[in-house]
There are 2 protein chains.
Amino acid sequence: MLHAIIMAGGSGTRFWPASRAALPKQLLALAGSRTLLQETSDRLVGLVPPERTLVVTSARLLDAARAQLPGLPAASFVGEPCKRDTAPCIGLAALLVSRHDPDAVMAVMPSDHVIGPIDRFQAALRQAAALVAATPGRLVTFGIRPTYPAESFGYIQQGVALPREPGDAPAHAVARFKEKPPATVAAEYLAAGTYLWNAGIFVWRADTILAALAARQPECLERLRTIVDAWDGPRRDEVFAAEFAAIRGISIDYAILEHAADVAVIEAPFSWDDLGGWSAVARQRGADGRGNTIVGRHLGIDTTGTIVQAADDHLVVTLGLEDMLVVHTPDATLVADRAHEEAVRKVVAELEQRGWHDWL
Amino acid sequence: MLHAIIMAGGSGTRFWPASRAALPKQLLALAGSRTLLQETSDRLVGLVPPERTLVVTSARLLDAARAQLPGLPAASFVGEPCKRDTAPCIGLAALLVSRHDPDAVMAVMPSDHVIGPIDRFQAALRQAAALVAATPGRLVTFGIRPTYPAESFGYIQQGVALPREPGDAPAHAVARFKEKPPATVAAEYLAAGTYLWNAGIFVWRADTILAALAARQPECLERLRTIVDAWDGPRRDEVFAAEFAAIRGISIDYAILEHAADVAVIEAPFSWDDLGGWSAVARQRGADGRGNTIVGRHLGIDTTGTIVQAADDHLVVTLGLEDMLVVHTPDATLVADRAHEEAVRKVVAELEQRGWHDWL
């Protein structure tokens, strides 16, 4: 039985002022008319039913996440009391789905990527589930064929090819996981042709990942078990808050994947964009004849290569702009040179430092 | 008796979106904490009392103008039912002040310039009034010593020097008025040293300008007399609307000054800026160490030479900006390269063409 675990606890700062602490990237309709979280859920329709879907977010985003996905039962949402990276999140989800389905297979996925088309995504998950069914102790990851020497992604080195059925995507044993590399190393990876970007999407049996956690993160798993033991009782929130806070945050990659014996990687047959900033949004939405990407009411005069996003019916007029970014929200506006896009995160840090919490 | 006529009917488009049809430049606090209209009125304190001050604006700005100048009696405000340039405006004012003061001397001034200091301005008006007292038929204008070959101002060529008292500013007979020149001609004027910018400030006896209008614009004056005859009666608004609309709009320069025999020009001993755009605002307000001029809540990262104005407590963040202009208002935001500042007027034209009247 395939279960879906949607990780929706991120708090990105690259899309400020559109994204805020209370409304992070995954809750925004950055690439289309549906939010990234909604698109992540839409992508599972026909493959995983609502009752086998779990959305793990942060406690303060719980209401917003539920409101965006009214088709999922309320029990499908878990609000983490604090951030502890992906290993505790996935361990908790594995325990929860195992309660009623000891043979559960989990497809774990972020909620803030742009992926398509749906049929290829679902076919890839089915292929991963088949790889797990063939070798139950296997952990399956997804890799993206690199298109440029990215420094911002982890890489997966492909090892020996695994047998595959006609129509399947290429699948290999993982030779090694590689952390985010410097540019020269990334260029070598790209040239080698055997390194894929780690998409952060995983498929495995719940009992496999729990056994791995028992071996490598026993204290974490112990605390997660304490939480799940209290899950249906009156002290759930209290126990969740205390035990989860006591766990050391660690990613599933560091905690388990890099040490596991049998990890496979499927080269994603779907398109993938982690939407790392406004230029990625423009890439997804497309540009008009002047290279402008516009959301909202806009008048552009002598404006090219510019991204404009305006909320409500606020009018943004741009005059003589080239390769700029203008993001208007009701209480804050960002105007940036697109060449400085990476520095948008600095804005949030600076607002925190100034104590301008109203705009965070 | 010196009367002040403040012309406040302008509808500038250079400051959109801060300025709007219902809130033009003169009603904005562009250069300081008081609006330009308020500063114009402040500049008269001690020289012309409220009951001898007349503010001529457009009918739809009447309430706003009154609200900004609570120290003036309600009867000090005249709201023109339509735009007819300066000659009808000044003719009407001359008739109104003549009703109770046949010897009235009028100081006519725009409401949207930045002038200082007050004592030098008042001294210059007194000098002008003295020139008129010495030769009652004389029309006195003010000229500004050019600092660059401006194409956007009319020029006044100085003729023979007039006698002056110690402490007086240089005063000359006007040799000739010159329309806005092309750059090469403006450069010649600048080099010649005998051409001044026409500041649009005038001092003369009301009966002198009325006699001139009677000679050169008899139909205009006739209609103005009809309006003033109805001024204190029940049909004032109706007659004002009908007769004023029937007048041909013409500037006092074209209608009278260019043809008058005895016109003097005083070289302004005060500083003067017609505040022709946002860069002029920055010049008046001054810039910080990075060349930025900021009004409102702003966070700048790698930002230089940039003007930011934000309304209310809206936060504007600029990132990687150089010589840009960002003007935020509750319903519209302008982002422009300062090199394109002249084209701000195009925005208003384009909004009109699109029928986006809500933002005009």
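Where in chain A is the place of A:Asp323? The residue lies in the loop between S15 and S16 of chain A. Point 6 returns to this position. The notes below concern a predicted model.

1. Relation of the two chains. Chain A is superposed on chain B by a rotation of 180 degrees, with 0.0 Å of shift along the axis and an RMSD of 0.0 Å. The two copies are thus related as by a two-fold rotation axis. In general terms, two copies of a chain are related by a rotation about an axis and a shift along it.

2. The interface. Contacts between the chains involve 28 residues of chain A and 29 residues of chain B. On the side of chain A that touches chain B, two or more residues come from each of S13, S15, strand S16 (324–328), strand S17 (332–337) and helix H11 (344–354) of chain A. S17(A) provides the largest share of that side, namely six residues. By class, the residues on this side of chain A are 17 nonpolar, six polar and five charged. Of the interface residues of chain A, 100% are also interface residues in chain B, so the copies meet through the same surface.

3. The sheet that begins with S12(A). Six strands make up an open sheet in the order S12(A)-S14(A)-S16(A)-S17(A)-S15(B)-S13(B), and their pairing is mixed. At its edges stand strand S12 (293–295) of chain A and strand S13 (297–301) of chain B; each has a single partner strand, so one side of each is left without a neighbour in the sheet. From one strand to the next, the twist averages 5 degrees. Within chain B, S13(B) and strand S15 (residues 315–319) run parallel and are joined by five bridges. In this pair, B:Ile301 stands opposite B:Leu319 of S15(B). H11(A) packs on the sheet, where it touches S17 of chain A as well as S13 and S15 of chain B. The direction of H11(A) makes about 130 degrees with that of S13(B).

4. The sheet that begins with S13(A). A further open sheet of six strands, also with mixed pairing, has the order S13(A)-S15(A)-S17(B)-S16(B)-S14(B)-S12(B). Its edge strands, strand S13 (297–301) of chain A and strand S12 (293–295) of chain B, each pair on one side only. Direction ignored, neighbouring strands are turned by 5 degrees against each other on average. Helix H11 (residues 344–354) of chain B packs on this sheet and touches S13 and strand S15 (315–319) of chain A together with strand S17 (332–337) of chain B. The bridge partner of B:Ile294 in S14(B) is B:Val308.

5. The nonpolar core. Which residues have the most contacts inside the largest nonpolar core? They are A:Met106 and B:Met106, in a core of 230 residues. Leaving aside residues up to four places away in sequence, A:Met106 touches A:His3, A:Ile5, A:Ala93, A:Ala94, A:Val97, A:Val203, A:Trp204 and A:Ala206.

6. Most residues other than glycine have a negative phi, and most peptide bonds are trans. A:Asp323, although not a glycine, has a positive phi of about 55 degrees. Is A:Asp323 buried, exposed or partly exposed? It is partly exposed, because 15 other C-beta atoms lie within 10 Å, whereas 20 or more would be needed for a buried residue. B:Leu275 is a residue other than glycine with a positive phi, near 50 degrees. B:Leu275 is placed in the loop between strand S11 (271–273) and helix H10 (278–285) of chain B. B:Leu275 counts as buried because it has 23 C-beta neighbours inside 10 Å.

7. Cis peptide bonds. The bond between B:Trp16 and B:Pro17 is cis, with omega about 10 degrees. B:Pro17 belongs to the loop between strand S1 (2–8) and helix H1 (36–42) of chain B. A cis peptide bond also joins B:Gly116 and B:Pro117, where omega is about -10 degrees. B:Pro117 occurs in the loop between strand S5 (114–116) and helix H4 (118–134) of chain B.

Definitions and conventions: Residues numbered from 1 in each chain as written. Chains lettered and ligands numbered in written order. Predicted model: local features only at pLDDT ≥ 70, side-chain atom pairs only at ≥ 80, totals over all residues. Pairing = 2+ DSSP bridges. Helix = DSSP H or I, 4+ residues; strand = E, 2+ residues; numbered from the N terminus. Axes fitted to C-alpha atoms, helices over the stretch in contact; angles between N-to-C directions. Contact = placed C-beta atoms within 7 Å. Least-squares fit on C-alpha atoms with pLDDT ≥ 70 in both. Nonpolar A, V, L, I, M, F, W, Y, C, P; charged D, E, K, R; others polar. Core = buried A, V, L, I, M, F, W, Y, C linked by C-beta atoms within 7 Å. Buried ≥ 20, exposed ≤ 12 C-beta atoms within 10 Å, placed from the backbone.
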